[in-house]
Amino acid sequence: MRSVGANPGRSGHRLSIEAGRILIEAREALAELFGIDDPLRIVFTRNATESLNLAIYGLLQPGDHCITTSMEHNSVMRPLRALEKKGLELTVAPCSPKGELDPREIEKAIKKNTRLIVTTHASNVVGTLMPITEVGEIARAHGIPFCIDAAQTAGALPIDVKKMHIDLLAFTGHKSLYGPQGTGGLYIREGLEKGLEPLMQGGTGSRSESQEQPDFMPDKYESGTPNTVGVAGLGAGARFCLTQGVAHIRAKEEGLTRILIEGLGSIPGVTLYGCRDATRQVAICSFTIHDLSPSEITMALDEEFNIMSRPGLHCAPAAHQTIDTFPQGTVRLSAGYFTTVEEIALALEAVGKIVARSRTQG
Amino acid sequence: MVQDKENTSYRVVLFHSTSGALLAEKLLKKEGIAYKIIPVPRHLSSDCGVCLRFESQDETLVRKALAEKVEIQSFCTL
């Protein structure tokens with residue numbers, strides 16, 4: 001904002017062009033991260049929720065059928081349930097109590113009017129990785145667009161839209177892409193934009209003599225002044241992931257997750273959910289302590305031990321129903337690229353103390 | 001950026017949006033082809049307000065640099 005500050009795509013002067021370059025750089029870094037050939041296939045949104053709403057509302061009509069899983073975040077479930085009230089047919093493919101999806105559950109739900117398959121890439125509750133490539137193959141074989149919610153995985157896990165047969169990829173900037181809140185995007189595979197309605201129309205800095213929304217990428221879905229300052233941060237974050245190497249980031253996080261799983265799993269009185277296998281999940285662990293509510297545990301962790309955790313249902317009631325922690329929920333801890341082994345040890349010690357104290361008092 | 005030269009003829013390539021123009025700019029820069037981003041001339045109509053100007057003699061190089069990589073609206077004479 002200090003040195004550029006102008007409106008990208010809205011003028012020919014050098015600062016406007018410079019602002020436009022910021023957007024292009026961010027698009028290119030993201031394209032490289034996800035194996036996307038054409039950076040203009042990436043639409044900027046303000047978060048993964050908006051991206052998912054764009055994909056879902058853009059593609060589905062009453063009378064269509066959509067398949068999703070029982071481990072989804074509300075950013076997928078709520079739009080689908082709202083559309084269900086208006087005539088959408090919805091199949092929620094059941095997952096195991098560890099959050100695992102059998103791709104055949106998706107395949108057997110496919111009908112003549114199935115217009116979209118949308119699944120999370122990794123659960124935001126237990127971290128379980130979904131079999132994206134297999135589901136993508138099934139979707140591609142049936143000619144059905146496949147959308148993934150990559151909120152938990154973009155930047156943290158290698159993603160290749162071609163190899164994984166991904167048609168729509170929804171991502172947020174503020175998690176493993178190290179960008180600011182208020183950024184995110186949707187990748188739309190070539191050709192799909194023809195049948196995907198935008199959420200808004202407006203000024204795009206292109207085809208200005210027309211009162212009709214442009215039909216080309218990314219302008220069709222980018223009306224109004226973008227969050228240039230946010231995208232500058234998102235681009236820098238994406239570039240950081242590329243420089244560190246996503247495989248390297250993944251290896252580090254997997255190692256931390258392993259320690260967390262082993263530690264939590266060995267404290268008597270702690271129930272740890274999910275696969276309990278660092279190779280099959282992202283760096284997230286959900287647990288409960290017998291006789292204590294998740295909120296009590298989170299408050300103790302925060303106030304006494306300086307450990308930040310999230311209690312409750314994590315905006316994913318469906319997932320908690322699947323892992324059988326509904327309605328009380330769990331405590332969720334997550335490690336990141338900057339988390340240290342010492343910090344994990346402190347967290348484990350803190351949980352241990354909270355458990356011990358609950359026993360003497362209980 | 002190029003200084004205007006005397007006795008040089010120029011062509012321009014038009015795009016659907018500034019995104020296209022800026023992607024093209026990177027491609028030309030990479031190939032070392034001289035260009036300038038200019039407002040679209042009055043006598044031309046374009047989806048977007050800026051275009052890339054280059055020396056006419058470089059047209060084959062420009063077409064090759066941009067082929068398959070960025071969508072172009074059209075090539076025109078300045």
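Colleague: What stands opposite A:I284 in β11(A)?

Modeller: A:S334 does. This is a predicted model, where local features need pLDDT of at least 70, side-chain atom pairs count only at pLDDT 80 or more, and totals for chains, interfaces and linings use all residues. Residues are numbered from 1 along each chain as its sequence is written, while chains are lettered from A and ligands numbered from 1 in the order in which they are written.

Colleague: What makes β9 and β11 of chain A a pair?

Modeller: Strands are DSSP runs (E, at least two residues; helices are H or I, at least four), numbered from the N terminus. Two strands pair if DSSP finds at least two bridges between them. β9 (residues 284–289) and β11 (residues 330–334) of chain A have four bridges, so they pair, in the antiparallel sense.

Colleague: Why are β8 and β10 of chain A called edge strands?

Modeller: The open sheet runs β8-β9-β11-β10 in chain A. β8 (270–272) and β10 (310–312) each have a single partner strand, so one side of each lacks a neighbour in the sheet.

Colleague: How do you know that B:C51 touches B:V12?

Modeller: Contact means that C-beta atoms, placed from the backbone, lie within 7 Å. B:C51 meets that with B:V12, and also with others including B:F15 and B:I38.

Colleague: How many residues of chain A are in contact with chain B?

Modeller: 15, against 12 residues of chain B. On the chain A side, seven are nonpolar (Ala, Val, Leu, Ile, Met, Phe, Trp, Tyr, Cys and Pro), three charged (Asp, Glu, Lys and Arg) and five polar (the others, Gly among them).

How values were computed: Two residues are in contact if their C-beta atoms, placed from the backbone, lie within 7 Å. Lists of a residue's contacts leave out its neighbours within four places in sequence.
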